[in-house]
Number of protein chains: 2
Amino acid sequence: MATKGDVLLLDFWVSPFCNRVKIAFAEKGVPYEDKEEDLFGGKSDLLLKSNPIYQKVPVLLHGGKPMCESTNIVLYIDETWASPPLLPSSPYDRARARFWADFIDKKVFDIGSSIWKTKGDELEAAKKEFIEILKYLEGALGDKDYFGGDSFGFVDIIAIPLTTWFLAYEKFGDFKVEEKCPKFAPWIKRCLERESVAKTLPDPQQVYEFVIMMRKMHGIE
Amino acid sequence: MATKGDVLLLDFWVSPFCNRVKIAFAEKGVPYEDKEEDLFGGKSDLLLKSNPIYQKVPVLLHGGKPMCESTNIVLYIDETWASPPLLPSSPYDRARARFWADFIDKKVFDIGSSIWKTKGDELEAAKKEFIEILKYLEGALGDKDYFGGDSFGFVDIIAIPLTTWFLAYEKFGDFKVEEKCPKFAPWIKRCLERESVAKTLPDPQQVYEFVIMMRKMHGIE
């Protein structure tokens, strides 16, 4: 078992990517030190040195060794602290889980951000694409409780922190996820009942206020 | 060991992504059936059914079960046929390998394609970014023979098929990778001496002619 000082997360409270790492640690029961980065005031030298290419959080330092990119970090956590396993055991189910994690990484946050960054036709196109993406995810979920089946796991950890931004998308996009994707909403609720998730994720109202501030910074009225 | 009919690859000869899968199979000594897709005449129903989201090659069908996205497929191959291992064994080295594979996936082909799809300032910007990307990869390679150290492995398999397109980038971008990235060129040569690579990859001259055809299709003179 790690000692707390050995495991350091460079973090930012509203980042869904950082929150994936925190949920994974909570699931594994791994203690860690959390260092909130001041992304607007100036990134720390440790962040810039540890992630010179992307200069982004999260960065995980384990015994001083840096790792970047949240999905990669969650896989590292699963390989380093084996119990309980986050990924399924069969190679086919693992490939499926990685496929959906990658799909989520490529689509959800970027298309979601287009909803609060654009207007008019661009906004309508972003909304349409965003709902299509959630429809695909509803298909992957099927009638299961979680993406991997009966128990909360890897794809749930990758996806659930992104949903804290949905209220902001709904407000600026004038739509309701629950109406458009009736299967997706109960999955969100189910995940939020889990302690590792509930204690990690920020209030969507606070995320919405953060997005209002970001819009001002981007000069969007 | 798999029987040949059990493992089917939906393939396209010039795709660096398909060629990753073929090199991984060659390294593992796994026999497989190869079905060349007619991407311009019409994709097969099997491709469209197996990869409904991206509708792209490669698709691997193992016992009829489809898997998509080349890096994911190479990981599946490594988990299914254990010997010789492609990924390193320590979680930290594995995370590093996945980081570089993901960096390559995000950058090399798309920026490289900008070199033959654009002109003027856009072309110059694409060239500059492409060389920066290779400089990062030179940094990751360091003084090692391969990305993982002394032996050919996962990151090499992800990267090397992309280099068959470099001649086309050089011709349309008017530069030489060897001059800009003196450490990267010997790594390419070293990989090409390996049987799994040599027997899989197409001749860069044929790739260049394919790119000439693609430019015509895109209306680029």
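Two strands pair, in the sense I use today, if DSSP finds at least two bridges between them. With that in hand, let me go through this structure, which is a predicted model.

I start with a strand pair in chain A. Strand β3, residues 59-62, and strand β4, residues 65-68, run antiparallel and are joined by 4 bridges. Together β3(A) and β4(A) make a hairpin, with 2 residues between the strands. In that turn sits A:G63, whose phi is positive, about 60°.

Where else does a positive phi turn up, in a residue other than glycine? A:Q55 has one, near 55°. A:Q55 is in the loop between α2 (45-50) and β3 of chain A, and its relative accessible area of 34% makes it partly exposed. In chain B, D174 also has a positive phi, near 55°. B:D174 is found in the loop between α7 (166-173) and α8 (177-180). With a relative accessibility of 68%, B:D174 is exposed, because the cut-off for that is over 50%.

Next, cis peptide bonds in chain B. One joins B:V57 and B:P58, with omega about -5°; B:P58 is in the loop between α2 (45-50) and β3 (59-62). Another runs from B:S83 to B:P84, with omega near -10°. B:P84 belongs to the loop between α3 (70-80) and α4 (91-117).

Last, an annotation. An unreviewed UniProt entry assigns residues 90-210 of chain A to "domain: GST C-terminal". In the model that span is 72% helix and 0% strand, and its end C-alpha atoms are 40 Å apart.

Key:
Residues numbered from 1 in each chain as written. Chains lettered and ligands numbered in written order. Predicted model: local features only at pLDDT ≥ 70, side-chain atom pairs only at ≥ 80, totals over all residues. Heavy atoms only, no water. UniProt positions renumbered as here; feature names shortened; annotations may be inferred. Buried < 20%, exposed > 50% of the residue type's maximum accessible area, 1.4 Å probe, protein only.
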